[in-house]
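Welcome! Please take a moment to look over the sequence and the model before reading on.

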Amino acid sequence: MPYLRLTLAPILWGGALVAGRVVAAELSPILITWIRFLLVSVFLLPLLRIYEGHLPRPSRHDGVLLAMLALTGVVVFNLLLFSGLKTVTAVRSSVLIALGPAVVAILMMTFFREPARGHTIAGILIAFAGAVVTITDGRPARALAGGLSAGDLYLAGSVLCWAAYTILARPAMRRLAPLTVLTYSSIIGTVFLTPFALQRGTLAQLAGCSWTAWGSLFYLSIGAAGVAYLCYYMGIRDVGPSRAAVFLNLEPVSAIALGVLLLGERLTWPVLVGAVSVIAGLYLVNRPASS
């Protein structure tokens with residue numbers, strides 16, 4: 001069961017890029033993010049009450065950490081992600097988003113003096129080389145001359161936000177249970193977004209929202225941000241973080257397969273080469289030091 005859960009989580013996350021691509025064509029990034037985490041909060045709050053037997057009361061210090069997690073991992077990350085998905089395909093974006101663990105490793109080595117092991121350095125270089133091939137469509141010189149697209153820059157920013165969220169989550173989860181962190185950061189993020197989501201004209205977009213977009217929103221909320229995170233956290237509890245992290249390599253595979261099958265997106269050779277390189281690099285980054 002632990003390995004089934006750890007397999008299911010990245011598959012659901014890969015599907016989130018496909019669902020995000022669908023809904024980003026109809027709704028603004030701020031409305032998508034607000035509805036997504038409003039639904040997530042409604043889904044998780046009773047689960048937290050059942051699991052803990054009560055609603056935990058974080059300390060003031062914990063509240064600051066949760067607010068920072070909400071800002072980086074809920075608000076800014078999702079706004080940048082859905083802005084990027086308006087113009088970047090799910091297949092291509094999956095390779096860029098998959099760089100998250102490599103960026104985390106770089107930040108940990110740079111600012112927190114985490115040991116720079118040989119296989120970690122090699123994995124980072126291989127993963128970034130794969131991302132460059134994907135972003136530039138196999139022609140880095142031409143891309144440097146013409147510049148990157150706005151969608152690529154949005155997605156690059158979302159990767160940095162996710163890396164910051166991951167690093168901030170470590171001290172938070174030493175003090176609070178993972179489900180508590182996920183639930184409260186989702187609620188705080190929803191509160192942050194509410195004044196902006198309720199501005200005049202924003203909610204009017206919902207009137208013309210298709211059933212396909214609504215289905216994608218529910219998937220993004222309950223499937224990708226609810227069930228997937230619970231499966232992953234339970235997997236970490238059962239097999240440990242190092243073994244669990246290796247399963248993240250399945251996310252770009254899932255997103256690419258679903259993008260091709262459901263959206264009819266083309267799998268070009270730069271994306272394929274880039275995906276293989278990123279997956280190989282992530283394996284090296286996440287490999288335990290003893291292996």
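This briefing goes from the overall picture to single residues.

The model is predicted, so local features need pLDDT of at least 70 and side-chain atom pairs count only at pLDDT 80 or more, while totals for chains, interfaces and linings use all residues. Residues are numbered from 1 along each chain as its sequence is written, and side-chain values use heavy atoms, with hydrogens and water left out.

**Overall picture**

- The protein has 13 helices and zero strands; helices (H or I, at least four residues) and strands (E, at least two) are DSSP runs, numbered from the N terminus.
- Of its 291 residues, 49% count as buried; buried means under 20% relative accessible area, exposed over 50%, and partly exposed in between, with a 1.4 Å probe and protein chains only.
- The accessible surface comes to about 13700 Å², and 69% of that belongs to carbon and sulfur atoms; areas come from the Shrake-Rupley method with a 1.4 Å probe, and for residues only the protein chains shown count as cover.
- Among contacts with a separation of 6 or more, 90% are accounted for by residues 24 or more positions apart; contact means heavy atoms within 4.5 Å.

**Helix 2 and a buried threonine**

- Helix 2 (residues 29-52) has 24 residues and should span 34 Å at 1.5 Å a residue; its end C-alpha atoms are 33 Å apart, which agrees. The expected span is 1.5 Å times one less than the number of residues.
- Buried residues of helix 2 include Trp 34, Arg 36, Phe 37, Leu 44 and Leu 48.
- Gly 53 follows helix 2 and has a positive phi, near 85°.
- Thr 183 lies in helix 9 (residues 178-197) and is buried at 0% relative accessibility.
- Leaving aside neighbours within four places in sequence, Thr 183 is in contact with Leu 44, Leu 45 and Leu 48.

**Salt bridge and cysteines**

- The count is one salt bridge, where a salt bridge is a side-chain nitrogen of Lys or Arg within 4 Å of a carboxyl oxygen of Asp or Glu.
- The side chains of Asp 62 and Arg 175 form this salt bridge, at 2.4 Å from N to O. Asp 62 lies in helix 3 (residues 60-85) and Arg 175 in helix 8 (residues 150-175), so the pair ties together parts that are 113 residues apart in sequence.
- Asp 62 is buried, with a relative accessible area of 7%, whereas Arg 175 is partly exposed at 47%.
- There are zero disulfides in the structure; a disulfide is a pair of cysteine sulfur atoms within 2.5 Å.
- Cys 161 is buried, with a relative accessible area of 14%, and Cys 209 is buried at 12%.

- Arg 21 sits in helix 1 (residues 2-24) and is partly exposed, with a relative accessible area of 23%.
- Arg 21 and Ala 90 are 69 residues apart in sequence, yet 6.3 Å apart in space, C-alpha to C-alpha.
- Not counting residues up to four places away in sequence, Arg 21 touches residues including Leu 85, Ala 90, Leu 263 and Glu 265.

**A nonpolar surface patch**

- Val 260, Leu 267, Leu 272 and Val 276 make a nonpolar surface patch of about 320 Å². Patches are made of residues with over 30% relative accessible area and no salt bridge: like charges are joined within 9 Å, and nonpolar side chains (Val, Leu, Ile, Met, Phe, Trp, Tyr) within 5 Å.
- Leu 267 lies in the loop between helix 12 (250-263) and helix 13 (269-286), and is partly exposed at 42% relative accessibility.
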